[in-house]
Amino acid sequence: MKRILLTLLFAAFTIGAFAQIQNEDLAITQAYFQKDKKDLVKSSLKLSAAQSQAFWPLYDQYDAKRLALSNQRAQIINDYLKAFRTLTGDEAVALTNRVFANDKSYLDLKKSYFKKFVTAVGGKNASKFYQLENYVQEIVRLKVQDNIPFIGEIQKTAKQ
């Protein structure tokens with residue numbers, strides 16, 4: 001379990017450098033991250049054969065949709081990184097509204113699949129999956145956020 005978490009952290013750090021990653025490199029990193037995440041879910045959820053048969057196709061559908069939202073988030077971050085040195089107030093508002101919309105879409109996705117996961121594996125396993133999912137996503141988001149300069153940060157550093 002620790003190996004998988006360390007790998008996830010490495011992947012999160014790698015994904016955090018969006019400005020330097022080509023689309024091809026990002027796809028490779030995401031595929032590696034998805035495999036390790038799936039291994040982590042497998043080791044954390046103790047599913048019967050029937051539950052596994054119901055869960056994994058749903059998980060794959062969910063994760064494909066989650067990945068699409070993650071790619072949208074990466075595009076927002078790339079757009080910010082391209083413009084943050086010269087960002088106007090209106091541009092900052094537009095980027096922030098895109099983040100809000102992405103967050104809402106992600107929450108809507110989780111809520112819609114939660115019902116399906118409950119049906120497939122029961123409330124306790126579905127809740128455990130989302131506990132794990134939220135944990136992993138927060139690690140990734142924190143690592144990415146740690147690598148993104150705040151608005152005005154470069155100008156402040158340059159003046160010192």
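View 1. Arg-141 has a relative accessible area of 27%, so it counts as partly exposed (partly exposed sits between buried, under 20% relative accessible area, and exposed, over 50%, using a 1.4 Å probe and protein chains only). Its partner here is Asp-103: the two form a salt bridge, with the closest N and O atoms 2.9 Å apart (a salt bridge means a side-chain nitrogen of Lys or Arg within 4 Å of a carboxyl oxygen of Asp or Glu). Arg-141 belongs to helix 5 and Asp-103 to helix 4, so this pair ties together parts that are 38 residues apart in sequence. Asp-103 is partly exposed too, at 27% relative accessibility.

A quick note before you look further: this is a predicted model, in which local features need pLDDT of at least 70 and side-chain atom pairs count only at pLDDT 80 or more, while totals for chains, interfaces and linings use all residues. Residues are numbered from 1 along each chain as its sequence is written, and side-chain values use heavy atoms, with hydrogens and water left out.

**View 2. The whole fold is built from helices.** How many helices and strands does the protein have? There are six helices and zero strands, and reading along the sequence gives α-α-α-α-α-α. (Helices are DSSP runs of H or I with at least four residues, strands are runs of E with at least two, and both are numbered from the N terminus.) Of the 160 residues, 38% are buried. Take the contacts with a separation of 6 or more: 76% of them involve residues 24 or more positions apart (a contact means heavy atoms within 4.5 Å).

**View 3. Here is the largest nonpolar core.** It holds 21 residues, and those with the most contacts inside it are Val-41, Phe-55, Tyr-59, Tyr-62, Tyr-113, Phe-117 and Phe-129. (A nonpolar core is a set of buried Ala, Val, Leu, Ile, Met, Phe, Trp, Tyr and Cys residues joined through side-chain atoms within 4.5 Å.) Helix 2 (23-44), helix 3 (49-83), helix 4 (89-121) and helix 5 (123-146) each give two or more residues to this core. A second, separate core has 11 residues, among them Ile-76, Ile-77, Phe-84 and Val-140. In soluble globular proteins, nonpolar side chains tend to be buried together.

**View 4. Zoom in on Tyr-62 and its neighbours.** Which residues does Tyr-62 touch, leaving out those up to four places away in sequence? The list is Tyr-106, Leu-109, Lys-110, Tyr-113, Phe-117, Phe-129, Tyr-130 and Glu-133.

**View 5. Charged side chains link up around Arg-66.** The structure has nine salt bridges, and Lys-37, Asp-63, Arg-66 and Glu-133 are linked in a network of them. Asp-63 and Arg-66 meet at 2.7 Å, N to O. Both lie in helix 3, three residues apart, so about one helical turn separates them. Arg-66 also meets Glu-133 in a salt bridge, at 4.0 Å, N to O. That pair links distant parts of the chain, as Arg-66 is in helix 3 and Glu-133 is in helix 5, 67 residues apart. Are these residues buried or exposed? Asp-63 and Arg-66 are both buried, Arg-66 with a relative accessibility of 4%, and Glu-133 is buried at 1%.

**View 6. Arg-85 sits in a loop.** You'll find Arg-85 between helix 3 and helix 4. Its relative accessibility is 54%, so Arg-85 counts as exposed. The C-alpha atoms of Arg-85 and Phe-150 are 9.9 Å apart, although 65 residues separate the two along the chain.
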